[in-house]
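Colleague: Could you walk me through this one, and tell me what the terms rest on?
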Amino acid sequence: MSRVVNPYRKDFPLFQAEDQKELALAYLDNAATTQKPYVTLLAEQLYYESKNANPHRGAYDLSVEATMLLEETRDMVKHFFTVPKEGEIIFTKGATESLNLLAYSYGLTHLKQGDEILLPISEHHSNLVPWQMVAKQTGCKLVYLNLNEEANISLEEVKGKLSNKTKLVTLAQVSNVTGSIYPVAEIIRLAHEKGAIVIVDGTQAVPHLQVDITELNPDFYVCSGHKLYGPMGVGILYGKMDLLNQMSPFLYGGDMIEYVEDFSATYAPVPQKFEAGTQNMGSIAGLRGALTYLEEKNRNQLFQYEEELSNYLLEQLKKVPHVQLVGNKTGNNRIGVVPFLVEDVHPHDVVTILNQDRIAIRAGHHCAQPLHRHLDVLATCRVSLSFYNTKEEIDRLCESLKGVRRWFGYGSERTI
Amino acid sequence: MDLKELYSDIILEYSQDKTYRKPLMRPTVRNRGVNPSCGDNIELELQIEDHRIKEVAILGKGCAISEASAGVMAELIQGKTVEEARTLSDLFVSMIQKKVTEEQQLKSLEAGIAFQNISNMPARVKCAVLSWHTLEEALNQEA
Ligand SMILES: Cc1ncc(COP(=O)(O)O)c(C=O)c1O
Ligand SMILES: [Zn+2]
């Protein structure tokens, strides 16, 4: 069978193995997690093979080396995201933990009755349920930003809902359901004018857009390593130092203390204050590998190719009878995350049928139930692309989609 | 398990059947069952009188497997006592888990036997048992 040449696939063991097969897996669920390049896996293995010791806890060389690796990775992350001098990077388990840290250590202590948290209705549950908890415990109120026709957030909507009561704005830079790129830079500016603090969830943005935290100027920024070609188990929290200094720790224990008396303790400075316990050093080393991999590529070229693929996907999906795109139907202000429905067939059944053709996409509410209620659909199918995908895979997807309705006794051709 | 076995005639027939899809006038118990991973959402209504299930309604929306399983369940439990319904529910779950495989023992599940091999498709097991778990919860509420 013919293979479209994609220069990146050989960097990934999973695709290298798949591409030997009669019918390779078309992995189109990259918003859930990306595949890992050799560089990531080797970096993790190398850490355990030759540098494994508990960082911060030994005066011997090996522990010093582990500590150095931790700090070098932190510096690399800072460089990767152009973190300003007055900001710091904290390692967490993932975006979910970063957001919970903010809800507990910032939300619970800085918000009170009468205050408002402004957030889009489309947020991932990890940037929604923690704030529901904060609202319940502090008496502050959640105010939702609704989406417009293009499944985006208009600045009018933001201006209309921002008020002097708004103390916190929290939003994704890119929606994991619709792929919409929200105008975060403008929203940050508007929020700051009102004196509100802004959290940006960059989980779906960082794999597909160049992110410059200095320029964007959020107060906090979070993402997960495993969606950025890194291993599972490591995430990032960026925060401005003055805010991080005011906040109380999230987890208490070893590595985050200075002096421990019998009945009290003083805490280590940021970032250690927020990194209690032994860190996931294998994953941190792997993340460093992933960032190295990405920095060695021409990222603009990756982004350009992803945009081309995304436009091709939209174009081709529109040609499949009985497929309805959900949300933004154009290629504007979006990445290659595309939700859709097949008329009369539940998304879960669509996924099962595509699976038979070795095509992996996601079905469900994608951890965004309020958004699905808002869009008035119970669940959607979602394709999400990465630079290792090909047009051939998109063609296979569309061919397979044409056959879906037949299983349920419906015609697959256009009825009009 | 291939798609032909999964989407068998009997499963497709039950998934499209509308017999139990009308809200009850006087439900005595209501319970919602959701399958968070794929978005199945079933709303079960029962009218129970003197420990007997007089009427059943399956509302909400799910995939073909969850809807077919719910349809089969509704047909099986309508008119049964609460105890009989619990026994059927245990049997259905045991069949899915492959703890009971003898055809003779499974006879009382009637059309439900169509789901016997669903465990060969692990991603769909939750869909097949959703309505039954929803029923168990509903019966516990009632008790
Ligand atoms: C926008 C967004 N935020 C947060 C998360 C949570 O990420 P994790 O599960 O890695 O903590 C996800 C994952 O799907 C996401 O898409
Ligand atoms: Zn289902």
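Predicted model: local features only at pLDDT ≥ 70, side-chain atom pairs only at ≥ 80, totals over all residues.

Modeller: Residues are numbered from 1 along each chain as its sequence is written, chains are lettered from A and ligands numbered from 1 in the order in which they are written, and side-chain values use heavy atoms, with hydrogens and water left out.

Colleague: Why are H4(A) and H5(A) called roughly parallel to each other?

Modeller: Helices here are DSSP runs (H or I, at least four residues), as strands are (E, at least two), numbered from the N terminus. H4 (residues 95-110) and H5 (residues 129-138) of chain A pack at about 20°, with axes 9 Å apart. Axes are lines fitted to C-alpha atoms, for helices over the stretch in contact, and angles run from 0 to 180 degrees between N-to-C directions. Angles under 35 degrees count as roughly parallel, over 145 as roughly antiparallel, 65 to 115 as roughly perpendicular and the rest as oblique. So H4(A) and H5(A) are roughly parallel.

Colleague: Which residues of H4(A) and H5(A) make the contact?

Modeller: Contact means heavy atoms within 4.5 Å. Among the residues making it are Leu99(A), Tyr104(A) and Leu108(A) of H4(A), and Trp131(A), Met133(A) and Val134(A) of H5(A). By class, the contact has nine nonpolar, four polar and no charged residues. (Ala, Val, Leu, Ile, Met, Phe, Trp, Tyr, Cys and Pro count as nonpolar, Asp, Glu, Lys and Arg as charged, and the others, Gly among them, as polar.)

Colleague: And what about H2(A) with H10(A)?

Modeller: Helix H2 (residues 38-51) and H10(A) pack at about 145°, axes 7 Å apart. Their contact divides into eight nonpolar, five polar and one charged. Tyr47(A) in H2(A) and Tyr293(A) in H10(A) are among the residues that meet.

Colleague: Which residues are around ligand 1?

Modeller: They include Ser126(A), Asp201(A) and Lys227(A); the cut-off is a heavy atom within 4 Å.

Colleague: How far from an oxygen atom of ligand 1 is the polar side-chain atom of Gln204(A)?

Modeller: That distance is 2.7 Å, and for His226(A) the value is 2.7 Å too. For His124(A), 3.2 Å separates a side-chain N or O atom from a ligand oxygen.

Colleague: What about the backbone?

Modeller: The peptide bond from Val270(A) to Pro271(A) is cis, with omega near 5°. Thr82(A) has a positive phi of about 45° although it isn't a glycine. Thr82(A) sits in the loop between H3 (61-80) and S2 (87-92).

Technical notes: Polar contact = N/O pair within 3.5 Å; in protein donor to acceptor, adjacent residues only side chain to side chain.
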